[in-house]
Amino acid sequence: MDIGLIGLPNSGKTTIFNSLARLHAEVSSYANSKSEPNRAVLEVADDRVANLSEMYKPEKATYAVIELIDFAGLTQGAAREGLFSSSSMGLIKNTDAIALVVRHFRDDLTENPTPLRDLEKLEEELLISDLIIAENRLERIQKACQRGKKTNLLETEEKLLHRIIDHLSSNRPIRDLKLDGEPEKMIRGFQFLTQKPIMIIVNSDENNFGTNANLLKEIEKNHRVIEFAGKFEMELSQLNDQEEIELFMADMGIQESAKERLCTAVYELLGYISFFTVGSDEVRAWSLQAGQSVIAAAGTIHTDLARGFIRAECIAYDDLMLYGSEKQVSERGLRRLEGRKYIVQDGNVLNIRFNV
Ligand SMILES: Nc1nc2c(ncn2[C@@H]2O[C@H](COP(=O)(O)OP(=O)(O)OP(=O)(O)O)[C@@H](O)[C@H]2O)c(=O)[nH]1
Ligand SMILES: [Mg+2]
């Protein structure tokens, strides 16, 4: 899953990116909208992988990953200038979710922070970008109809686009329309930005971090939100002494690292769960949208496993930890054989039987 960091210039996106990825991408007070995005792969922290590895002693342990993309700052009016179709910014369309970063720190170069206003500006840019795409498509359909190329399908799409444009024009994101089935399929190709799940990262000063309940509550009315102390957490992420890191964190009242907080938020936002595969070669965590069948899980591992699916052996991670081995779990009748309709649960340890 790919997550895009978007925000106004100098909101601290790269600082947060560095704190999450433990990298040293250049942080600067000078916006440069031409620069290429920074990318990093984050391993999703999960104690269960370590515990399973303890049990299976595999050659390698593989964590689920989140890919993070740190985009250049977004200036007001950018959408109208076609910024989201540019090569550097266009990548945002392929992301699974967007994290909007809003500045909530002071420094010598910037004015007092206005996080709510900044958030409004950002959301407006995303809306405008979608509006332009929808209007362009509508215009093309109307031209095709004038040339006598009207079909039922085009007519349905035209109606849908009108609905979307009305909705966007009243300042509401496409995600609120909760499109699914045919309409969802019809517009999937446009990769509308306001259709993507979104979360807000409030980037606070180390002086006010943890004391912003009112601001967070206000944002929470509409969005999932997490607070980071960007600069402080970037500095933390660059220390090596774990004890020292924990002392600093306790001092700030930070319970989990920036990365852990982000991963949890992303899983909740996207409605993801984790399942596991185990063996002497590899213990591995996989992510899957909640509510998906075991066939989808098999397909995540390899298309062959979905194609040739026979049955899935399924045990619960908690049972495995409780009874100490697969054998013990089986003896208690807790290893189940599941068919293709089985809905995978968080913590399932799966062994897919297949035949191609
Ligand atoms: N005090 C304070 N300064 C911060 C914080 N986060 C970022 N900064 C400073 O703000 C400036 C911009 O930070 P960046 O991380 O480069 O911001 P950005 O959003 O990536 O900027 P662009 O990519 O140019 O849009 C730098 O001077 C940072 O040191 C923070 O949490 N607290
Ligand atoms: Mg940056």
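Select helix H1 (residues 13–21) and helix H7 (residues 230–237): their axes come within 8 Å and cross at roughly 35 degrees. Helices here are DSSP runs of H or I with at least four residues, strands are runs of E with at least two, and both are numbered from the N terminus. Axes are lines fitted to C-alpha atoms, for helices over the stretch in contact, and angles run from 0 to 180 degrees between N-to-C directions.

This is a predicted model, where local features need pLDDT of at least 70, side-chain atom pairs count only at pLDDT 80 or more, and totals for chains, interfaces and linings use all residues. Residues are numbered from 1 along each chain as its sequence is written.

Stay on the helix pair. Thr15, Ile16, Asn18 and Ser19 of H1 meet Gly230, Lys231, Glu233, Met234 and Ser237 of H7; contact means C-beta atoms, placed from the backbone, within 7 Å.

Next, the sheet. Six strands form an open sheet in the order E2-E4-E1-E5-E6-E7, with mixed pairing. Strands pair if DSSP finds at least two bridges between them. Strand E2 (38–43) and strand E7 (224–228) are the edges, each pairing on one side only.

Zoom in on strand E5 (residues 97–104) and strand E6 (residues 198–204). They run parallel, joined by 7 bridges. Leucine 100 has isoleucine 200 in E6 as its bridge partner.

Now pick leucine 5. Leaving aside neighbours within four places in sequence, its contacts include Ile16, Phe17, Leu68, Ala99 and Val101.

Finish on helix H9 (residues 258–270). H9 lies across E1, E2, E4, E5, E6 and E7, and runs at about 175 degrees to E7.

Terms used
Chains lettered and ligands numbered in written order. Contact = placed C-beta atoms within 7 Å.
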